[in-house]
Amino acid sequence: MSPSPRRDVKRPRAWARWLLLGALTCAGAALADPGVSATEVVLGQPAAFSGPSAGLGVEMWRGASAAFAEANAAGGVHGRRVRIVAADDAFNPEQAAPAALRLLKEQQVFALFGGVGDATLMKVLPVLLRASQREQALYFAPASGAQPQREPPWETAVFNVRASYRQEIRAIVDAFIALGRRRIGLFVQNDAFGAIGRDAILRALQDYGIKPVADATYRKGQDYATSTRPQLDVLRAGGADVIIAIGTSQACAALIRDARLSGWDIPIHSPSVVGADALVSLLRDEEQRVHKPLLDNLIFTQVVPSYDDTGLELVQQYRAAMERYRPTAPAGVGGGYTPPALYSFGSLEGYLSARAFLAVLDKAGPELTRQRFHETAEAMGKFDLGLRAVGELSPTRHQVLSKVWFTYFTADGWRTTSAPGTVLR
């Protein structure tokens, strides 16, 4: 008995509908932007997770992880959880571009996020620009105050959160000049990183018609055990009445140690890149050995407030998230670094950066693409992150914050001041 004509007609139509639906589903999946699914957004963090600078990448990761865990526990953003895939570049510029490429090409992340370092970022930017031109890839919140990613041609693919080195240095130079301190000495690392810092200082001093009275350099990789006596001799011979030290925590801590033990108590400043927590830890241990104060007359500029400033809403939220989730380090990447404390400036920057990303992600809505995220970021305008400092993004402004905080260390922890003259002598 042959099938009825009616059933013969319906069956091919049903199969046709099924095939069409499958084709559309496959096409939609093929057209979806990397790192985005119905349930997840995946970010890639190319950073130092091994070697002597591993703390920079791990601390940034810890703060961001706490913020994303907090958001995920509340249901995610438009139903999507945020996840970070880490790639270790060991703070080595030659490993930076391959690490970023692994994330963009192999891991297919939605965006790069929260990498650390200037020289490493300079190697990533050409890779990013090519991926941006082809696939609208972007980089959100690199932990770098360097200038290139804030200028053409790179700035179109990068959204910064922190203030720049130029803004940090300008803030401290203005403060020193206001205190009558015009004989500024430099202590900088002898590489591209140090050159970026020196350029920022020279630009700030030029507006006052002055130049550094002394310029002392140290070799890259110099550790805390190495004497800085040769550099101090240069600075003293030049008659410096303040020092701006731009370098690693170990080298700058050694400079402070040697200056104080030699009886030279002039004000010394370092910007956020120094890693103030690690620097202070070294000097506190040294104080126990030598039984002399080493932490007086120091000032640090930061791109986040003190994590002890619990009067700020975002700091309260950061501390609560760190207490709840207690992130340590990304699994299976790097190794050898153990966070010395629950809170740090680096993890607070990571938390702040993640909160800024989440604010854009939320406003972008459920139909998420790289293009939509980029357009939404540029349409954010002014927004509040709980810092009593206005955040802002626009087509001509790809940097959320411009505020610089002055911080100093006391027996009761970190403090923030708007008047450096009250803590320097």
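In the predicted model, helix H3 (residues 93–106) packs against helix H4 (residues 118–135) at an angle of about 30 degrees, and the two axes lie 7 Å apart. Because angles under 35 degrees count as roughly parallel, H3 is described as roughly parallel to H4. The crossing of these helices is right-handed. On the H3 side, the contact is formed by Pro93, Glu94, Ala96, Ala97, Ala100, Leu101, Leu104 and Lys105. These residues meet Ala119, Thr120, Lys123, Val124, Val127, Ala131, Arg134 and Glu135 of H4. The contact of H3 with H4 comprises ten nonpolar residues, one polar residue and five charged residues.

A further helix pair is made up of H7 (residues 229–237) and H8 (residues 249–261), which pack at an angle of about 65 degrees with their axes 10 Å apart. The crossing of H7 and H8 is likewise right-handed. Arg229, Leu232 and Leu235 are the contributions of H7 to this contact, while H8 supplies Leu255, Asp258 and Ala259. Four of the residues in the contact of H7 with H8 are nonpolar and two are charged, with no polar residue present.

The second largest pocket of the model has a volume of about 230 Å³. Its lining consists of 17 residues. Those nearest the centre of the pocket are Arg150, Thr396, Arg397, His398 and Gln399. By class, the lining of the second largest pocket contains ten polar, five charged and two nonpolar residues.

Conventions: Residues numbered from 1 in each chain as written. Predicted model: local features only at pLDDT ≥ 70, side-chain atom pairs only at ≥ 80, totals over all residues. Heavy atoms only, no water. 1 Å grid on protein atoms, 1.4 Å probe; cavity = no way out; pocket = protein on both sides within 12 Å on 5 of 7 lines; lining within 4 Å. Points joined across faces, edges and corners; volume = space filled by probe spheres on them. Nonpolar A, V, L, I, M, F, W, Y, C, P; charged D, E, K, R; others polar. Axes fitted to C-alpha atoms, helices over the stretch in contact; angles between N-to-C directions. Helix = DSSP H or I, 4+ residues; strand = E, 2+ residues; numbered from the N terminus. Left-handed = near helix turned anticlockwise from the far one by under 90°. Contact = heavy atoms within 4.5 Å. Parallel < 35°, antiparallel > 145°, perpendicular 65-115°, else oblique.
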